[in-house]
Amino acid sequence: MSNRFVRWGVYLLIAIGFAVACVFLSDWQFDRNESRASDIALVEQNYDAAPVPLGELIDEDGELDAGDEWHPVILHGEYLAEEQVLVRNRPHGGTSAFEVLVPFRDADGRIFIVDRGWVPPGEGALPDAVPAPPSGTVEVTVRLRTGEQLPSSGRSAPEGQVPTIHLPTVADDLDGVVIVSAYGQIVEETPAPDTALGSFDSPTDDPGPHLSYAIQWILFGVMGFIFIFYMIRTEVQKHREEAEGRPAPVKRSRRRDRDADAEDELLDEVETPV
């Protein structure tokens, strides 16, 4: 087997390996696109639904069904204002804002974490001011959200703050039964507070670039084979041109040599004067 065929085999193996990688990456983007489509459908289904009591969606087991995220619920009870916690480094208003988490004791006795909104950063490590929640008995409408994970980097936060909305961390300092499967993103409070916090934007319905990325990876895999076949074709064509450009070897038979010698002798006799 010539070195040329070995080289072509290596080219094809490289193209196959690249195509396999492209298939995996494309499949990953298709999965992300499907997940994003499911998230958008869930928001469209629940975001503007009629509010229901908290106990209808989170019963005594304290678990939130994944299909109920973003659904509005109504709380009746009081804020535990002294247990307020700030979540740092939240992207609101073009700054690294603070979100304000305040535990709320519902009428059924359970404690539910309410995200009342956000405040801009101050001059120091804390906001300049954090508006207090309404005191006494309050009716609060919130949208259910699932909690967040702790940072993988292990970063922490100062006293009275948390790096993410990790509900078990917030619940550690609370006495009583605390719901940790979900928290509530504020919609409205009755009575209204004296000073409102920054409100939350509606979730975007942009599906993102995942579908186009998936198609691009498929095209990249096909282009890998096209490029390899182009290289092989170019090499074959170059080899053929080099072969056609060489002068052919001259082969003369013995008979033709004798005939040529005889012809030369005859010409010499004719040209010699008598």
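Two strands are taken to pair if DSSP finds at least two bridges between them, while helices (H or I, at least four residues) and strands (E, at least two) are DSSP runs numbered from the N terminus. The model shown is predicted, so that local features need pLDDT of at least 70 and side-chain atom pairs count only at pLDDT 80 or more, whereas totals for chains, interfaces and linings use all residues. Residues are numbered from 1 along each chain as its sequence is written, and side-chain values use heavy atoms, with hydrogens and water left out.

**View 1. Pairing of strand E8 with strands E6 and E5.** Strand E6 (residues 138-145) pairs with E8 in the antiparallel sense over seven bridges, and within this pairing view Arg 143 stands opposite Gln 185 in E8. Strand E5 (residues 111-119) runs parallel to strand E8 (residues 183-190) and is joined to E8 by two bridges; Val 114 stands opposite Gly 184 in E8.

**View 2. Elements of the protein.** The protein has five helices and eight strands, which run α-β-α-β-β-β-β-β-β-α-β-α-α from the N terminus on. Of the 274 residues, 34% are buried, that is, under 20% relative accessible area, with exposed meaning over 50% and partly exposed in between (1.4 Å probe, protein chains only).

**View 3. Leu 12 in helix H1.** Leu 12 has its place in helix H1, and Leu 12 counts as partly exposed because its relative accessibility is 31%.
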